[in-house]
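Subject: Structure for your review

Dear colleague,

Please find below the structure that I am handing over to you. I would be grateful if you read the notes after it with the model open beside them.

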Amino acid sequence: MIYRKFGNTGVALPLVGQGTWKMGESRERAKEEIQTLRLGIDLGMTHIDTAEMYGNGSTEELVGRAIEGVREKVFLASKVLPSNASYQGTIRACEGSLRRLRTDYLDLYLLHWWSRHPVEETMRAMEELARLGRIRFFGVSNFDIGQLGQAERAITRGSIACNQVCYHLKARGIEYSLIGYCRSRGIPLVGYSPFGSGDFPSPGSRAGRALAEIGKRHGKSARQVALNFLTREEGLFSIPKAGRAEHVRENSSAVGWELSEDDIEIINGFFPRPDRDTSLEMI
Ligand code: NAP
């Protein structure tokens, strides 16, 4: 695994981490999901992303079981639901996440998306949680430039550690201006749903064949090409969700090699770069 500087946190994170949405929702799958998360940690995919929303807490419970005994190796991120994001609600939600995750601190705590509660209140709660040592860093998710600016202005101590946003081959909107803005502010972007959350180009499609062809030149798969592309620049990270050992193995070797300029041109041909500002895509 390759690691890179995570903004201004002083921490280096793996380019490819592990998502957990839809894990812990079925008893039959739990054992395999736990083993897969552990394998991912062994392979260096130590950034684990979860949320109180996932499975109404059952995903955090599963993650808690998966990281038992290896907590200190993991960079653990969770998210507060916008409906809980008042000052007291954020503190309470964090305590709930910590309990389900069976840990006494989170490495990263995010506001899941823009909330009707004033962002000043949420950020004040984040600062308090950091002061209490309940979280190491805090950030946001699904924030556009205007919202990021508001969150940044609301902070009195510390800074936004990251913005977690939708980023996959068919959703490249953040390349128009958000990536540049975040880079100028030292805010890393964690790209979620790198495989389109079930909408990855099929092997039989023209785009799917092109990705496979690129992969073949490097001894890699189409999905490894996608992950490599999505983490090709400083400040970009990706968190695919994989519930099977063969998938997590494949994802772990998606980085540490380089796509050529020709490869990137082909990718741009099938999945065009945005040519105008659009509203942030969300899944
Ligand atoms: P995703 O990572 O784009 O895709 C997950 C799907 O890809 C699963 O069906 C998985 O199957 C499959 N997969 C993974 N690796 C594979 C491989 N090497 N070969 C073939 N199939 C593979 O979807 P996602 O779960 O929506 O996004 C990833 C994570 O981002 C989430 O789990 C969550 O942590 C986060 N997220 C955040 C937000 C937000 O609002 N902040 C929104 C959406 C997602 P198996 O499970 O069978 O391996």
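Predicted model: local features only at pLDDT ≥ 70, side-chain atom pairs only at ≥ 80, totals over all residues.

The model contains an open sheet of eight strands, whose order is 3-4-5-6-7-8-9-10 and whose pairing is parallel. At its edges lie strand 3 (18–19) and strand 10 (236–238), each of which pairs on one side only.

Strand 5 (residues 75–80) is joined to strand 6 (residues 106–111) by four bridges, in the parallel sense. Here Lys-79 stands opposite Leu-110 of strand 6. Strand 6 in turn runs parallel to strand 7, with five bridges between them, and Tyr-109 has Phe-138 of strand 7 as its bridge partner. On the next step, strand 7 and strand 8 (residues 163–166) run parallel and are joined by two bridges; Ser-141 has Gln-164 in strand 8 as its bridge partner.

Why is strand 7 described as largely enclosed by the rest of the structure? Strand 7 spans residues 135–141, and six of its seven residues are buried, so the rest of the structure largely encloses it.

A residue in strand 4

His-47 belongs to strand 4 (residues 47–49). Its relative accessibility is 1%, and because residues under 20% count as buried, His-47 is buried. Leaving aside neighbours within four places in sequence, the residues in contact with His-47 include Leu-13, Pro-14, Phe-75, Val-190 and Ile-239.

Helix 10

In helix 10 (residues 261–270), the buried residues are Asp-263, Ile-267 and Asn-268. Viewed down the helix axis, these buried residues fall within an arc of 135°, so they line one face of helix 10. In general, an α-helix has 3.6 residues a turn, so residues three or four places apart point the same way. Which elements do the buried residues of helix 10 pack against? They pack against helix 7 (206–218) and helix 8 (222–230). The other side of helix 10 carries the exposed residues Glu-261, Asp-262, Glu-265 and Gly-269.

With kind regards

How values were computed: Residues numbered from 1 in each chain as written. Heavy atoms only, no water. Buried < 20%, exposed > 50% of the residue type's maximum accessible area, 1.4 Å probe, protein only. Arc of directions from axis to C-beta. Contact = heavy atoms within 4.5 Å. Pairing = 2+ DSSP bridges.
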